Amino acid sequence: MRRNTTLDPIVAAELDERDAVLAGERRDPALSLIADEARASAEPMPPGLALRLEAALGNGFALSRPRRRDPWWSKALAPAGGLAAVVVLVVVFATVGGDSGGNSSDSGSSSGGTALVAPNADSAASGSSTAAKDTGQSSSSVAAPSLPPEAARDAAGIPRRVQRAADLTIATPSAKLQDTSDAVGRTADRLGGYVQRSDVAARGGSGQATFDLRIPAARLDEALATLARLGHVRSRTQQSQDITARFVSARSRLQDARAERQALLRALAEATTSQEIDSINGRLDIARARIAAAKGDLFGARRAANMARVGVTVVGVAGDEGATGAGGGDWTPGQALEDALGVLSVATGVLIVALAGAVPAALVAMLALLAWRAHRRRSRELALEPGTPV
Amino acid sequence: MPELAVAPEPTNTDPPAFDALYRANAADVFAYVMTLLRDRAAAEDVTMAAFERAYRKRGSFDRHRGSQRAWLFGIARNAALDELRRLKRVAPLVGDLADERATEQDDPLQRAAVRAALAALDPRERELVSLKFVAGLSNAEIAEVIGTSPTNAGTRLHRVVVKLREACNAP
């Protein structure tokens, strides 16, 4: 290690004087004597050595074998240590990365079988919606007007509630039936929806998969566009039904039931006889049941408006129908760009992880090398210590 | 007093330039290595190894880090110290060389005193004397060879010269 310390001025002056004497610019008999004796005591180079060096230099030292003064493993210690550290780090990162890397399989779809979900309020609400239609339902084979659940208000200023639904049939090559089915589920998940029910059946060279999806109504159009790109669209229908009345009815019933309960509670507080108390309690039970029912109807109506039903049928066909869709297309430039961006993001992630592993490994290797060099330097200096066996 | 002959610095490390570097410094390098090892056979081997190592590393020489002579002597130093480590021995008794000449009857007393003082130097001090007075390296080059600052090298060299002067002036 070199320390930059200031030289004593007297010492510096004497050194300059000495250099001047050695250069012949000044006379100092004592210093000249020292220099002469030092040079006289220097061993002259043996002629044999000079000849060997001349010959070796002439051949570019090709014939001279490198003499190993130290055991080969002593020079490989530091690099081997660094390499071992790199291997350990790579194994650690690979293990951690493998555990955290999850499969991207969708959670909402079930493939190869039927997954029935217990009927929920949606099914019940859709069954009762036919009795509640007043503005009527509209269906079309093309995209219906996109009505958000509360886009408009009726004459009374009450927000409109619209229940939306769509059905889509797409064809895909039989070999891609499973992949396409998986993509349907992933689409639902990605858009904030879920698969209510799915059924995949493969028969010989063909097959069919049906899905009952629930998609947030605000994202229905996006969902239909994405699903249409999964294969060749054979049919597509959309329906919308105004369920404002159903919603209002459920809310009104809920308000009435609550008001009745409040009144009964007041009456119960003023009741004096056991007959009165029993009677009021009985009516309170009825009121509570009405409240529960109204709440359920209101929740169902709200859910029906917020989540659109999407029925998807994927038909596996032989040949190339679905490989090049006329309507939706199998691989559009936009999809290609999306895929390319996906590949880029994965490659970037791999590079970042590799760098994250390589940088500390390189630091460890460098530290090991520096330590080895320091050790070697110290060992060499120790060899000059008089009386010190190395 | 003869001036120290310092060979001109080769401008590159191509084979002709290396050849010039060798011719200008071979004898001094051997003398320096001999100073460290005090064994002729070992010094010959180490000198050979040093020039071979320098030849193989000639492409890695960076003139911004110092002179080519200092670089060469640094390689020779490391090779000599590695040899010392390998043999696991210290340089022989310092009186070896002095004994050869002490018997000469016609040497002035002062010259003999200086010679004895030179022989009595420890390995580090002998190294400095060899680099300065035999090889003719500057203080900066010496510092580069032994791996210290020029100030530290100058101070150490000054101490050695003072010690030798005292021997020279001793009654």
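Mentor: With a cut-off: a residue counts as buried under 20% relative accessible area, and as exposed over 50%, with partly exposed in between. Keep in mind that this model is predicted.

Trainee: Is B:Asp82 buried or exposed?

Mentor: B:Asp82 has a relative accessible area of 6%, which is under 20%, so B:Asp82 is buried. The residue belongs to helix H3 of chain B, which covers residues 68-87.

Trainee: Which residues does B:Asp82 contact, leaving aside neighbours within four places in sequence?

Mentor: With those neighbours left out, B:Asp82 is in contact with A:Arg380 and B:Arg53. There is also a polar contact of 2.9 Å between the side chains of B:Asp82 and B:Arg85.

Trainee: Which nonpolar surface patch includes A:Val359?

Mentor: The patch is formed by A:Leu351, A:Leu355, A:Val359, A:Leu363, A:Met366, A:Leu367 and A:Leu370. Together these residues have about 680 Å² of accessible area.

Trainee: What is the mean pLDDT of chain A?

Mentor: The mean is 78, and 70% of the residues of chain A reach 70 or more. Over residues 100-145 of chain A, however, pLDDT stays under 50, although the model has 77 contacts beyond four places in sequence for them. Residues 324-328 of chain A are also below 50, with nine contacts beyond near neighbours in sequence. Where pLDDT is low, predicted coordinates should not be read in detail.

How values were computed
Residues are numbered from 1 along each chain as its sequence is written. Chains are lettered from A and ligands numbered from 1 in the order in which they are written. This is a predicted model: local features need pLDDT of at least 70, side-chain atom pairs count only at pLDDT 80 or more; totals for chains, interfaces and linings use all residues. Side-chain values use heavy atoms; hydrogens and water are left out. Patches are made of residues with over 30% relative accessible area and no salt bridge: like charges are joined within 9 Å, nonpolar side chains (Val, Leu, Ile, Met, Phe, Trp, Tyr) within 5 Å. Accessible areas come from the Shrake-Rupley method with a 1.4 Å probe; for residues, only the protein chains shown count as cover. A salt bridge is a side-chain nitrogen of Lys or Arg within 4 Å of a carboxyl oxygen of Asp or Glu. Helices (H or I, at least four residues) and strands (E, at least two) are DSSP runs, numbered from the N terminus. Buried means under 20% relative accessible area, exposed over 50%, partly exposed in between (1.4 Å probe, protein chains only). A polar contact is a pair of N or O atoms within 3.5 Å; within protein, one must be able to donate a hydrogen and the other to accept it, and residues adjacent in sequence count only if both atoms are side-chain atoms. Contact means heavy atoms within 4.5 Å. pLDDT is the predictor's confidence in each residue, from 0 to 100.
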